[in-house]
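Student: Hey, can we go through this structure together? I'd like to ask things as I go.
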Amino acid sequence: FVGPEPASRARPVARSLARSARRSDEPRSAWDWFDLAAELEATDPAEAYRAYARALIQEPTFVEAHVNLGRLLQLAGRTKEAIEHYRRALGMGTTDPTAAFNLGTALEELGRWNHALASYRRAIEADEQFADAHFNLARLYDQLGRRADALRHLRAYKWLVE
């Protein structure tokens, strides 16, 4: 069966939802905007960005919105802006390792490897079972010639994914 991609079929519906949400007189909570943004991510990242921004206008300390908006920015090549959102989330004391992990990937993109290592370690401090953080640490340590550290994290990664 050949047909349009599911995302392209859903895009007009997502845009319609976003337009009606913006025009509605009905007050929307930060969580409402967040949920809408999460739905829009796959079909309309620009609208998702706007919805996350609306969530953050209502609730500037909304950690999950900062993390998700950061990821969208990073995917769009706006890495420095993404870093700011990840740092804001971390500054609010989140115990979710995602912000630290995503910060590590963004810092890696900018070639700031030592800072990326620290971010991946912070993700593992928050969740020792965060397999992807162990993998990224292993890869980075290997690139830096720190073989013992690389092997330690590679073993942890393999143990977690098996």
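Student: What does alanine 65 touch, leaving out residues up to four places away in sequence?
Tutor: Alanine 65 touches Phe34, Tyr52, Ala55 and Leu56 on that count; contact means heavy atoms within 4.5 Å. Keep in mind that this is a predicted model, where local features need pLDDT of at least 70, side-chain atom pairs count only at pLDDT 80 or more, and totals for chains, interfaces and linings use all residues. Residues are numbered from 1 along each chain as its sequence is written, and side-chain values use heavy atoms, with hydrogens and water left out.
Student: Which residues of the largest nonpolar core touch the most other members?
Tutor: Tyr52, Phe62 and Ala65 do, out of 40 residues. A nonpolar core is a set of buried Ala, Val, Leu, Ile, Met, Phe, Trp, Tyr and Cys residues joined through side-chain atoms within 4.5 Å. Among the elements giving two or more residues to this core are helix H2 (30-40) and helix H3 (45-58). Helices are DSSP runs (H or I, at least four residues), numbered from the N terminus.
Student: New topic: is leucine 73 buried or exposed?
Tutor: Buried, because its relative accessible area is 2%; buried means under 20%, exposed over 50%, partly exposed in between (1.4 Å probe, protein chains only). Leucine 73 sits in helix H4 (residues 63-75).
Student: And which helix has histidine 85?
Tutor: Helix H5. Histidine 85 counts as buried too, since its relative accessibility is 11%. Beyond four places in sequence, histidine 85 is in contact with Leu56, His66, Leu69, Gly70 and Leu73.
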